Structures are given as C-alpha cells and as structure tokens.
Amino acid sequence: MARHKGRGWNGRLLAAALGVTVVAAATSVWTAQADTAGGRQPQARVSVPDARPQERTVAKVAADIAHASDRGARGVNITIDDGPDPVWTPQVLQLLKDSGVKATFCMVGTQAQAHPDLVKAVVADGHRLCDHTVSHDTTMDTRSEAYQSQQILDAERMIIKASGGVRPQYYRAPGGAFTPYSRQLAASRGMRPLGWNVDTKDFERPGVDTMVATVKREISNGPTVLFHDAGGDRSQTLAALREILPWLKQQGYSFGFPVR
C-alpha cells in the first residue's frame, strides 16, 4: 500500500505524543513470544487498567490484512482516518447519520485522548473503532518491535479509555506501514489489521470531482474506501461523501464493516 499522508500532520502528532512515548516506555507491560517449533504465532499481553474487567481478555483474530466487507460482494466499507477532530468529526458523523451509513473510524491515540466526547459519539452512533497508533508515524515498518508495541498498545489503551471501555476492533498502520510483528501483535489483541482498496487521496485535497471519480473508477477493485476527518481542511471530504454515498446506494451497494 502506498504511503499517502503528509509529513506536516505526522510531525505535529509526533511532537504531541513525545510525552506519551516517554511515559509509555515505563508503563506499557507487554511480552511477545514465538514458538516456531510448535507453529504458534507471536502473542502479546498488555495491562489495560482503564478497560472494564470483561474487556481485559480478548480473543485473537486473523493477522492477515483485511480488505473484504462483512456485507459480501456488494458491500462497501467506509473508513475514516486520523481523528477525532473537533471541527470535522461532528460534521462527518452528521452526514453519515443522515445517510444511514455506518463507518469505521481509525483513531490516532493522542486525538482520542484529547477528544473523548467525540470517541463516545462515534460509538453511540453505531460506528466501529480502529487503532491508528499513538502518533501516526508512517515509518512504523522501520522501527523496533518495542517502538511498534508502544505505538499500538498505548493507542489501544487511550481509545478504550476515551470510549468508556469499548475496544478498537481493527488496527491500521499509518500509511500502510505494516510489519509481520505489528500485524501479529494487533491480532493478539483482537484487532484485525485493516487495509484499503480505494484511496480517495482526500488528504491532498485534489478536488471533489477527482475524489468522486476515483471512487467510481476504483470501487470494483475492492470494498474498503479511505477518507479522513482530521489533519487539515476536510470540506472536500464532506462534499465528496455527499455525492459518493447516494451514488453507491444507486449502484446496489450496501454499507458494512471490514471482516474480522
């Protein structure tokens, strides 16, 4: 998957997360074990004191990157990345509600921590949560396993706390920078690695017509479509969604969630 997101947003998130990273080095509790002789996959444990007791034990899911929809061949997965954002997320939520569409929100840990009311609003509207790391580092696949662990597990903890105990069901690596280790770690926490099939490139603000044309041209490639609700002016994203969602319905598509 191509890396598509600008360094400016990434840099701001890294700066905001610096303090979190320092604390996390002392507070995150995790282990990774591999038993190649027995064929077991790496396992990971993390203490999540802010989760409800029943949320602390999770079932592992598949570690391969999901693209399919739980609605089958004519299903579409709308995914919204990098928020929540106090300006744009409420507008995206209202548009989705008006359209009767559910989506998957891939949240950056520091954003979730800063806006727990919006995380709860996403959950209350019936959408699903996805872990998008603490600081949106698109070089995750070049980093140490300890760093990858901190980014994934601390973001999971932040999202669970902000949501009031609801777990993220997916993990999306920033810019698609997955590694075998990060996929196995996320899967061991019950978070299916999540890819995409259609990149609207709304992060670059290419124009509403271009974004709509991209979806119409590429939706046959697969059902998971990538949008953003943070990282800058998302007015083009909103305008594109207003055209794309009814068009998809007219084409006989229904809206679901990525498979787990």
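Buried here means under 20% relative accessible area, exposed over 50%, and partly exposed in between (1.4 Å probe, protein chains only). With a relative accessible area of 0%, Ala-173 is therefore buried. This is a predicted model, in which local features need pLDDT of at least 70 and side-chain atom pairs count only at pLDDT 80 or more, while totals for chains, interfaces and linings use all residues. Residues are numbered from 1 along each chain as its sequence is written, and side-chain values use heavy atoms, with hydrogens and water left out.

**Around Ala-173**
- Ala-173 sits in the loop between β6 (170-171) and α6 (180-188); helices (H or I, at least four residues) and strands (E, at least two) are DSSP runs, numbered from the N terminus.
- Beyond its neighbours within four places in sequence, Ala-173 is in contact with His-132 and Phe-178, where contact means heavy atoms within 4.5 Å.
- Met-140 is 33 residues from Ala-173 in sequence, and their C-alpha atoms are 7.5 Å apart.

- Glu-156 pairs with Arg-167 at 2.2 Å, N to O; Glu-156 lies in helix α5 (residues 145-163) and Arg-167 in the loop between α5 and β6, so the pair ties together parts eleven residues apart in sequence.
- Arg-189 also forms a salt bridge with Glu-156, at 3.1 Å between the closest N and O atoms.
- Arg-189 and Glu-156 are both buried, and Arg-167 counts as buried at 11% relative accessibility.

**Another pair**
- Glu-218 and Arg-217 form a salt bridge, with their closest N and O atoms 3.5 Å apart.
- Arg-217 counts as exposed, at 53% relative accessibility.

Terms used:
Salt bridge = Lys/Arg side-chain N within 4 Å of Asp/Glu carboxyl O.
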